Amino acid sequence: MNSEPMVSGANASTGGKQPAFERVKAHVLAQIQGGTWREGDAIPSEDALSKSFGVSRMTVNRALRELTAEQLLVRVQGSGTFVAQQKYQATLVSLRNIADEIAARGHVHRSELHLLERATARDGLAGHFGLPVGAPLFHSIVLHLENDQPIQWEDRYVNPAVAPDYMACDFHTQTPNAYLTRVAPLQGVSFRIEACMPPPEVRDVLRMGAQEPSLVLWRRTLSMQQVASVAKMWHPASRYQFAGSF
């Protein structure tokens, strides 16, 4: 996340007739709409914002509560406040088990577990989970196949506090999504979709051409008032598409 530009107390106190909490709201909204803060990013704390604007925490709290009510922010107790998914993206992707998605097409799903390990939260991951750097996480990498054709490379980190038995699961017989949906009731989700060239190891396992782009879904889920998982899922653009309706 980019650092927040400082707003001097003098400037904050000479904002004409606009209420102070509206100035805070306008600033946060501008950072989101301008792309400085992206979906899933943690925004500065109430203390940091109150110091930047020279206003009370109560004022900042009101601004963030209103933005949360407008579904622009997600507040996670004990973790912080995060940028919510943009409303226009809400119909693009449902939190659906890929095995069910493939079965709905009348095809056969199969998965291969490539990695299951205990890991620690690096700087970026720690921020997404709202955990201190070095906190324990579970890490899995699963290849999903449709009619024996590789269709998704799922690289997922999981919060042990939400899914303590994750390491004992058999991900040949159930997907990580199916397990997490069962043990960690969904409270919220943020995601983004990007088209990019995959790293060589992902391209090879997905059997993609040298110049073929990948559709990448980054998804972060919330459960029990905390971040449950952060996953990055790679798909060959020639064999996969995202669709939705409303």
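I began with the aromatics: Phe138, Tyr166, Phe171 and Tyr179 form one cluster. The pairing rule I used: ring centres of Phe, Tyr and Trp (its six-membered ring) within 6.5 Å, with planes under 30 degrees apart stacked, over 60 edge-to-face, the rest tilted. The model is predicted; local features need pLDDT of at least 70, side-chain atom pairs 80 or more, while totals for chains, interfaces and linings use all residues. Numbering runs from 1 along each chain as its sequence is written, and side-chain values use heavy atoms, without hydrogens and water.

I counted 3 aromatic pairs. Phe138 and Tyr166 are stacked, 6.3 Å centre to centre with 5° between the planes. Phe138 is in strand S4 (residues 136-146) and Tyr166 in the loop between S5 and helix H7 (176-183), so the pair ties together parts 28 residues apart in sequence. Helices (H or I, at least four residues) and strands (E, at least two) are DSSP runs numbered from the N terminus. Tyr166 and Phe171 are tilted: 4.8 Å, 50°.

I checked burial next (buried is under 20% relative accessible area, exposed over 50%, partly exposed in between; 1.4 Å probe, protein chains only). Tyr166 is buried at 0%, and Phe171 at 1%.

Then I looked up the largest nonpolar core, which has 15 residues. A core joins buried Ala, Val, Leu, Ile, Met, Phe, Trp, Tyr and Cys through side-chain atoms within 4.5 Å. Val24, Val28, Leu64 and Leu73 touch the most other members. Helices H2 (20-33), H3 (46-53) and H4 (57-69) each supply at least two of its residues. A second, separate core of 14 residues includes Leu125 and Trp218.
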